[in-house]
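Dear colleague,

Please find the structure below, together with its sequence. My notes on it follow directly.

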Amino acid sequence: VWSRPGLTLEEREIVTSSVLVALGREHEQHLHFRAARNLGISRAKLEEILMHVAHYAGWPAAVTAFGVLDEVWRAMDAEAEVAAQKP
């Protein structure tokens, strides 16, 4: 499904992340928010997506996802800092 024509990898990641938020799949959100960042999708864009999803899937799902997004970003920032300190 990820290699089909018609959508870019970034677009597929945005759609997948949105669906995972709507379904409340926190574990999978961790994986896909990390993948989104690795693809160059900004935190600001992901936050805007979460705001949009909140209006359709409900604020509780979005609030949880904002927490997951924050966890992922902090972890990835810490990992990058450690990697930068290695010779």
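The buried residues of helix α4 are A61, A62, A65, V68, L69, V72, W73 and M76, where buried means under 20% relative accessible area, exposed over 50% and partly exposed in between (1.4 Å probe, protein chains only). Their cover includes α1 (9-23), α2 (26-38) and α3 (43-57). Helices here are DSSP runs of H or I with at least four residues, numbered from the N terminus.

This is a predicted model, in which local features need pLDDT of at least 70, side-chain atom pairs count only at pLDDT 80 or more, and totals for chains, interfaces and linings use all residues. Residues are numbered from 1 along each chain as its sequence is written, and side-chain values use heavy atoms, leaving out hydrogens and water.

Q29, found in helix α2, is buried at a relative accessible area of 1%. Q29 touches L20, V21, G24, A65 and V68, leaving aside residues up to four places away in sequence; contact means heavy atoms within 4.5 Å.

As for confidence, pLDDT (the predictor's confidence in each residue, from 0 to 100) averages 96 over the protein, and 100% of the residues score at least 70. The mean is lowest in α4, at 96, and highest in α2, at 98.

W2 lies in the segment before α1 and is partly exposed, at 37% relative accessibility.

Kind regards

Methods:
Helix = DSSP H or I, 4+ residues; strand = E, 2+ residues; numbered from the N terminus.
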